[in-house]
Amino acid sequence: MASREESKSAHRVLRISQLDALELNKALEQLVWAQFTQCFHGFKPGLFARFEPEVKALLWLFLWRFTIYSKNATVGQSVLNIRYKNDFSSNPRYQPPSANQKVWYAVCTIGGRWLEERCYDLLRNRHLASFGKAKQCVNFMVGLLKLGGLMNFLIFLQRGKFATLTERLLGIRSVFCKPQRAREVGFEYMNRELLWHGFAEFLIFLLPLINIQKLKARLSSWCSPLRGAPNSDSTVAARGKQCSLCGEWPTMPHTIGCEHVFCYYCVKSSFLFDMSFTCPACGTEAHGVQALKSGIEMSEVNAV
């Protein structure tokens, strides 16, 4: 008896695995529906609007036929090495769900969702008193099912069996297809990943606080000494063959007080973005943007 209980506890499906299987099933349904609607992208809009619940039910029925009915497991369960077992059977060996259990599973899941969507669609635009009462009854039944699902989920969190209300009512529970081995966790790899993710998050937080342009100007001013007087007109003409920001011929040449020339739009946008903007070539801090003096013509600049 003790060995049997130990084997059962060793093969027990974790709660997180059962919940992951449910999430995988939902993701698969969304993916299938998105691919199906993409096939009719070029057709008239709203082609399946009137029959959307029926089309969805047919798709889910198709998936049910080749998953639960034939393999005793949903797609999410197959990925996680899980399948359904008939919990009503007293045989200690694995017993798959019976045909009736599979059919009722389809009725409760696929048929239930179809009935809810179709009833909501039929009663949505009805304002008669009889339809109002029918709508209240439908809402009451849906509320009861939601409450039952909540109670079942709380019991599932405590006992670890029957993740959904349908599984509990039909007596089918999740078991492993093959015995699971104990996981060997590589703590060295985990520590390395944690350190790397922490460093990456620190960089993501730090980089927006660094003024890259100003840092580049500082480094360039340290590496190359300043040459010539910053306010010399001849020096400005000599430096005026290209914009110090974009490297092209300066359009509407302007200066910030040093010997370098900028395009008006380059220097103005940089100055508006950063009020402490400095020249990227010499590191001179900009206190304003001035046009080149009228005595300096671009023909003179070109002649240098």
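Reader: Is Lys 161 buried, partly exposed or exposed, and why?
Author: This is a predicted model, so keep that in mind. Lys 161 is partly exposed, because its relative accessible area is 35%.

Reader: What does Lys 161 form with Asp 87?
Author: A salt bridge. The closest N and O atoms of Lys 161 and Asp 87 are 3.8 Å apart. The pair links distant parts of the chain, 74 residues apart. Lys 161 sits in the loop between helix H7 (129–159) and helix H8 (165–170). Asp 87 sits in the loop between strand S1 (82–86) and helix H6 (99–123).

Reader: Why does Asp 87 count as partly exposed?
Author: Because its relative accessibility is 26%, and the partly exposed class runs between under 20% for buried and over 50% for exposed.

Reader: Which residues are linked with Asp 87 in a network of salt bridges?
Author: Lys 161 and Arg 173.

Reader: How many salt bridges does the count come to?
Author: The count comes to 6 salt bridges. One of them joins Glu 23 and Lys 26. Their closest N and O atoms are 3.9 Å apart.

Reader: Where do Glu 23 and Lys 26 lie?
Author: Both lie in helix H2 (residues 15–39). They are 3 residues apart, about one turn of the helix. Glu 23 is partly exposed, with a relative accessible area of 48%. Lys 26 counts as partly exposed too, at 48% relative accessibility.

Reader: Why does spacing in a helix matter here?
Author: An α-helix has 3.6 residues a turn, so residues three or four places apart point the same way.

Reader: Which residue forms a salt bridge with Lys 56?
Author: Glu 52, with the closest N and O atoms 3.3 Å apart. Both lie in helix H3, 4 residues apart. That is about one turn of the helix.

Reader: Is Lys 56 buried or exposed?
Author: Buried, because its relative accessibility is 17%.

Reader: What else in H3 is buried?
Author: The buried residues in H3 include Pro 53, Val 55, Ala 57, Leu 59, Trp 60 and Trp 64.

Reader: What span should H3 have?
Author: H3 covers residues 52–65, which is 14 residues. At 1.5 Å a residue, the helix should span 20 Å. Its end C-alpha atoms are 20 Å apart, so the two agree.

Reader: New topic. Which residues form the nonpolar patch on the surface?
Author: Among them are Trp 196, Phe 199, Phe 202, Leu 207, Ile 212 and Leu 219. Together the patch residues have about 1100 Å² of accessible area. Helix H9 (187–206) and helix H10 (212–223) are the elements that give two or more residues to it.

Reader: Which helix gives the most?
Author: H9, with 5 residues. Phe 202 is found in H9. Phe 202 counts as partly exposed, because its relative accessibility is 44%.

Reader: Now cysteines. How many disulfides does the count come to?
Author: The count comes to 0 disulfides.

Reader: What is a disulfide, anyway?
Author: A disulfide is a covalent bond between the sulfur atoms of two cysteines.

Reader: How far is the sulfur of Cys 263 from the closest cysteine sulfur?
Author: It is 3.8 Å away, in Cys 246. Cys 263 counts as buried, at 6% relative accessibility. Cys 108 counts as partly exposed, at 37%.

Reader: Which feature does UniProt place at residues 243–282?
Author: The unreviewed UniProt entry places "domain: RING-type" there. In the model, that span is 25% helix and 5% strand. The end C-alpha atoms of residues 243–282 lie 13 Å apart.

Reader: What about backbone angles? What is phi of Asn 72 near?
Author: It is near 60°, a positive value in a residue other than glycine. Asn 72 lies in the loop between helix H4 (68–71) and helix H5 (75–79). Asn 72 counts as buried, at 14% relative accessibility.

Reader: And where is Asn 81?
Author: In the loop between H5 and S1. Phi of Asn 81 is also near 60°. Asn 81 is partly exposed, with a relative accessible area of 21%.

Technical notes. Residues numbered from 1 in each chain as written. Predicted model: local features only at pLDDT ≥ 70, side-chain atom pairs only at ≥ 80, totals over all residues. Heavy atoms only, no water. Patch = residues over 30% accessible without salt bridge, like charges linked within 9 Å, V, L, I, M, F, W, Y side chains within 5 Å. Areas by Shrake-Rupley, 256 points an atom, 1.4 Å probe, with all protein chains shown as cover. Salt bridge = Lys/Arg side-chain N within 4 Å of Asp/Glu carboxyl O. Buried < 20%, exposed > 50% of the residue type's maximum accessible area, 1.4 Å probe, protein only. UniProt positions renumbered as here; feature names shortened; annotations may be inferred. Expected span 1.5 Å × (residues − 1). Disulfide = S-S within 2.5 Å.
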